Structures are given as structure tokens and as C-alpha cells.
Amino acid sequence: MATKTEDLTKTDDEQAPQEGAAAAEAAAGTDAAEPDEQLTDESTEESTGEGTGESGEPEEPEEAPQEKTPSGVGLGAGAVVSAALGLVSLSGGWIGTVAAARETLIGQLQTSSTANVATQVKEVYGDAWHTTALWAGLFALAALITGVVVLARPAFGVPGRPQAAWIKSVAWAGVSLGVIGLLLAVLKYSDALLALPSTG
């Protein structure tokens, strides 16, 4: 009986180190598996393109740069200028008044006192009237061209971008005033409107 008890004790002593070695190997295998799982998680994040910043929050993708669109300030200013030039063309403006006064002075200097009445009227008043009409026509032409450019500009700009309604309205007003001013200037310059009085 003593021999059998000793054999059983030896067997238990031999199995104990073997079980300890198996447990150590299993623990080592678990530790080795954890880095592999971390590598797998990092590779998954890289493949999906979702990363985290230094604070641990997900990084937002950068937005594509948007194209700058014109604000329409230049077209609005052009429309206002067109309307203003159209109004000036109806009277000839300050430049037309100064030019007419200068032409009157030149006519007085170049016309002798012995000239007949028709010549004096033409040189002193007729040329000044024509000068006023000429400057009024130039202002009207400038208003007409400016208004047409403002109205036609969107056709050569960003496609699909509508023009503001007030810009169209003011530009059309400038074009209309320009046409009226140009017509009046032609009539005044050709003596069809407010012609010089007859001296016969």
C-alpha cells in the first residue's frame, strides 16, 4: 500500500508543473493576441478613412472650396450711372452750359458790329444752341451704351445666375432716357426743334 501511495503522489507532482506550464502558455497567447487585435482595429480605421484627432474626437473631412460668385455691385452701379447720364442728357448738363457760353463769347468776338442780323444771330446764339445739343447727345449716347452693357452682361457671366430685378429696372430707365435724350439732341441740332427765329 505504501508503494501505491507514493506512486500516486509522484504522479500528482508531475502533473502539477505540466498544468502550470499550460496555463502560462495560454496567458502568453492571450497577450500576443491583443496587439494583433489593435493592429486590426487601426487598419480598419485607415481603410474606412475615419480617424481621430489628438483630442480623441473624429476628424471632419475637409470641404471642397466653393467658387466665388459675383455680387452684382458693379452692375448695380452701372445701372445707376446709366440713369443719371440719361437725366443729364435732357438738359445738356453743366458741361453743355459752359460750352454754350464759350461758343457765345467766341461768336461775339468773331462777328463784327457791321454784320447783318442773320449772321449775328447765327454766330452768337445758333452755334451755342448747337453746342448744347451736341453735349446733350453725347450724354444720351453714354447713357444708352451703359444701360445696354448692364442688361447684356449676365449673358456673359455665371450661367444660371439671375440678375436682380432692381438692376434691370434702373438699367432700362437709363436706356429709355438715353433714347429720349438722343432723339431730342438730334432734333435740336438739326433745327427741327426750337429753331432760330427768322430775321428776314
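Biologist: In which helix is Val124 found?
Modeller: Val124 is found in helix H4, where helices (H or I, at least four residues) and strands (E, at least two) are DSSP runs, numbered from the N terminus. This is a predicted model, in which local features need pLDDT of at least 70, side-chain atom pairs count only at pLDDT 80 or more, and totals for chains, interfaces and linings use all residues. Residues are numbered from 1 along each chain as its sequence is written, and side-chain values use heavy atoms, with hydrogens and water left out.

Biologist: Why does Val124 count as buried?
Modeller: Buried means under 20% relative accessible area, exposed over 50%, and partly exposed in between (1.4 Å probe, protein chains only). Val124 has 9% relative accessibility, so Val124 counts as buried.

Biologist: What does Val124 touch, not counting residues up to four places away in sequence?
Modeller: With a contact meaning heavy atoms within 4.5 Å, and with residues up to four places away in sequence not counted, Val124 touches Thr104, Gly107 and Gln108. Val124 and Glu103 are 21 residues apart in sequence, and their C-alpha atoms are 7.3 Å apart in space.

Biologist: What makes Thr131 count as buried?
Modeller: Thr131, which also lies in helix H4, has a relative accessibility of 14%, and therefore it counts as buried. Leaving aside residues up to four places away in sequence, Thr131 touches Ala99, Ala100 and Glu103.

Biologist: How do you know that the buried residues of H3 are on the same side?
Modeller: The buried residues in H3 are Gly93, Gly96, Ala99, Ala100 and Gly107. They cover an arc of only 100 degrees around the axis, which puts them on the same side of H3; the arc is that of the directions from the helix axis to the C-beta atoms. The face of H3 turned away from this buried side carries the exposed residues Trp94, Thr97, Arg102 and Leu109, whereas the buried residues of H3 pack against H2 and H4.

Biologist: How does the reach of H3 compare with what is expected at 1.5 Å a residue?
Modeller: H3 (residues 93–110) has 18 residues and reaches 26 Å from its first C-alpha to its last, close to the 26 Å expected, the expected span being 1.5 Å times one less than the number of residues. Helix H5 (residues 165–189) has 25 residues and reaches 36 Å, close to its expected 36 Å.

Biologist: Against which helices do the buried residues of H5 pack?
Modeller: They pack against helix H2 (73–89) and helix H4 (117–152), and among them are Ile167, Ala171, Leu177 and Lys188. Just after H5, Asp191 takes a positive phi of about 65 degrees.

Biologist: What makes you say that the charged end of Lys188 sits over the ring of Trp129?
Modeller: A charge sits over a ring if NZ of Lys or CZ of Arg is within 6 Å of the ring centre and within 35 degrees of the ring normal. The charged end of Lys188 is 5.6 Å from the centre of the Trp129 ring, and it counts as sitting over that ring.

Biologist: Why is the aromatic pair of Trp135 and Phe139 called tilted?
Modeller: Rings of Phe, Tyr and Trp (its six-membered ring) pair if their centres lie within 6.5 Å, and planes under 30 degrees apart count as stacked, over 60 as edge-to-face and the rest as tilted. The structure holds one aromatic pair, and in it Trp135 and Phe139 are 6.5 Å apart centre to centre with 40 degrees between the planes, which is tilted. Trp135 counts as partly exposed because its relative accessibility is 30%, while Phe139, with a relative accessible area of 17%, is buried.

Biologist: How many helices and strands does the protein chain have?
Modeller: The protein chain has five helices and zero strands, and of its 200 residues, 21% count as buried.
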